Amino acid sequence: MKGNEVIAEAAIRCGCDGYFGYPITPQSEVMETLMLRKPWEETGMVVLQAESEVAAINMVYGAAACGKKVMTSSSSPGISLKQEGITYLAGAELPCLVVDVVRGGPGLGTIQPAQSDYFQATKGGGHGDYHLIVLAPASVQEMNDFVDLGFELAFKYRNPAMILSDGVIGQMMEKVELSPYKPRWTDEEIEKISGSWALRGKKNRKRNIVTSLELDSYGQEKFNLKLQAKYREIEAKEVRYEEIACEDADYVLVAYGSSARICQKTVKLAREQGIKLGLFRPITLYPFPTEAITKLAGRVKGMLSVEMSAGQMVYDVRLAVNGKVKVEHYGRLGGVIHAPEEVLEGFKSAFGL
Amino acid sequence: MTEEIIIAGFGGQGVLSMGKILAYSGIMQDQEVSWMPSYGPEMRGGTANVTVIISDERISSPVLHKFDTAIILNQQSLDKFEEGVKPGGTLLYDPNGITRPPMRKDINIYRIEGARLAAENGNPKIFNMIIMGGFLKVKPIVKVENVEKGLQKSLPERHHKLIPMNIDAIRIGMANVETENRL
Amino acid sequence: MSHIQDITKPEHLVYRKTPLLTDNIMHYCPGCTHGVVHKLVGEVIEELNIQDQAIGVSPVGCSVLAYNYLDIDWAQAAHGRAPAVATGISRLHPEKYVFTYQGDGDLASIGCAEIMHACSRGENIVVIFINNAIYGMTGGQMAPTTLLGQVTATTPYGRDPKLNGFPMKITELLAQLDGTCYVTRQSADTPGAVRKAKNAIKKAFQNTRLRKGTSFVEIVGTCNSGWKMTPVDANTWMRENMFPKYPLGDIKDI
């Protein structure tokens, strides 16, 4: 199955209540697959094609305000349009899942794969001091696994979660083991999980209000401090990463998503040439695996951040390394995918090997 | 065993579906597979290509610049991918529409008249399966019975009646591949 | 001489504030139409006995804080997006009474696409639309419904169609869409008008029960602060200038 199709299938299987979307290449297969599968007949899941990305994310906002498991998906230009809704979701502390199958930018850009929206995904994206929980799948299997994980984290922290994928992982097919079916939450379960804030009709309790508005700036500061405390907790508890051939490595590539897959081959090619190269793959981009990279920096001679961008994650790598060793960036831009051999050449020239 | 293949031609030649059937056949014999298409405007009649990897191990990069085999179905694709074949690798092409044939001497080159054979059989739709037959003759990485199983898995039930015709096409391809350069 | 306790007996009660209205002091200016319409929505919800099934969506604009005044569950939406938010709620809670409460800038300007498409899909929701021909919250700028010649903070010499285009009759546009079942324009400037407006709001909520589609109730109102008039003058100005452009009455009822 294609990565995008797997997102749809995983949504149905994990007990998702609703999907609201708008077509954009290279992720249209998500909604197409859902419409073909007709989950409303099978699990009762709602699927709706909105008039715009702006409307889609606001439908998510409304449905998420009801304590339901809801999601949307889009690609870069569409995600830019969704930023308004995403900051409202973060500001109202609503859980939801946003899938971003990144393509080359800026502007309308290209429809080919890119990783140039790392800043947008990990540093907020919309206005205000907030973060999304960002998961970066590097395989079709992880496209499946991260749908459920994304919802789990979103509800655990009452915060929007994002799957930051790209055209490679979205469009490619490989073997995947789909998750078993989980039933959708019942009314009683939603009441237990989200009853204190979800809109379900005021009955025998105070009214629930979902809003991100606080006209008193001291009140808003207090709310922001609460958000920050939540982010510190997420940073302490939810970091995920993978180390490949790092034990004896002299140099390490740092890459996520499709670049991490490409870099696995680069590592192999380098080792065939006697270069001890390893790969560090952040799985959560927010929270970023800062501590693990700091530790690694003490053992290696240099790191190369490999991203299909002009170098965005490299800033986080440099912050983690904090000057201990040289950190460089390599990446093709605008929808061009770097090949394993190119990465190897880029690595060698960056470190004078 | 790892086989890294690029299949490239015009949109509408069945490039992507040939790749898909190959990948499914790999799954049928318990191998790891990846299928990575070029996508977008190419789908509407321009050039189309797909990278298929079949391996006994976990597949690393689904995107490649160097291939064990290139299956080439038009001139643009030949111009683009001939140099990407690893030394000692394989290039299979259909000479229909080719004005500048492959020139490398360090790779195995095979020719198959897929378009002509499909036309002679009165069914242009079996073109891609004839090509695949040619490929499987020179690189028998998947067994024909696994291709049949792969077709059963990948095609909707209502199209299953077409499977025997496709298997016949593979056999036509196997019988008609010609060697141009053999290392 | 009767004591106050003798007078305030339940059997003497001729009017009371609906318990749906909270005791929070409203932030609206004296003379503003919002307070009256809030009360009407509250009374209708009370009379239909749907307090536990009603979910409101407040806009950006003066009525952003509507959730402080009506004792039901509320979501506060981004500017113009209330119909999309209501769609999300209604699709996931098809049995609930979901309504948006929006002003002219929110609904007819920045939220034009959202209201058009919610109405076009025939979402089973109620839309309460307050048209006072001005942006109240931000300090009296031109709205899409601002009349030609009307002075606002951004049309200091009066709305000039060459510069600012024409006033938009969004309600008539929405009545053209197949998804709307009930489209009406009312006012709240006289006791009679208030009664009519309440009936319209009630009918709209009853349509939700019958799953008939989108019910749209426009209330032509005043913004005496933004118009820089006394409340009395504002009502007169509304009748003389707004009603000819935005005539009252049902536009569609099926």
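User: In which sense do S8(A) and strand S2 of chain C pair, and over how many bridges?

Analyst: Strands (E, at least two residues) and helices (H or I, at least four residues) are DSSP runs numbered from the N terminus. Two strands pair if DSSP finds at least two bridges between them. Here S8(A) and strand S2 (residues 73–76) of chain C pair in the parallel sense over 2 bridges. In S2(C), Ala75(C) is opposite Val210(A). This is a predicted model in which local features need pLDDT of at least 70 and side-chain atom pairs count only at pLDDT 80 or more, while totals for chains, interfaces and linings use all residues. Residues are numbered from 1 along each chain as its sequence is written, and chains are lettered from A and ligands numbered from 1 in the order in which they are written.

User: How many residues of chain A are in contact with chain C?

Analyst: Two residues are in contact if their C-beta atoms, placed from the backbone, lie within 7 Å. By that rule, 33 residues of chain A are in contact with 29 residues of chain C. On the chain A side, H4(A) gives the most, with 8 residues. That side divides into 17 nonpolar, 8 polar and 8 charged residues. Ala, Val, Leu, Ile, Met, Phe, Trp, Tyr, Cys and Pro count as nonpolar, Asp, Glu, Lys and Arg as charged, and the others, Gly among them, as polar.

User: Which chains do not touch?

Analyst: Chain B and chain C do not touch, and their nearest C-alpha atoms are 28 Å apart. Of the 2 pairs of chains in contact, A and C share the most contacts.

User: Why is strand S1 of chain B described as largely enclosed?

Analyst: A residue is buried if 20 or more other C-beta atoms lie within 10 Å of its own, exposed if 12 or fewer, and partly exposed in between, with C-beta atoms placed from the backbone. In strand S1 (residues 2–10) of chain B, 7 of the 9 residues are buried, so the strand is largely enclosed by the rest of the structure.

User: Which strands pair with S1(B)?

Analyst: S1(B) runs antiparallel to strand S3 (residues 47–55) of chain B, joined by 9 bridges. Glu3(B) stands opposite Ile54(B) there. S1(B) is parallel to strand S4 (residues 67–72) of chain B, with 4 bridges. Ile7(B) has Ile71(B) as its bridge partner in S4(B).
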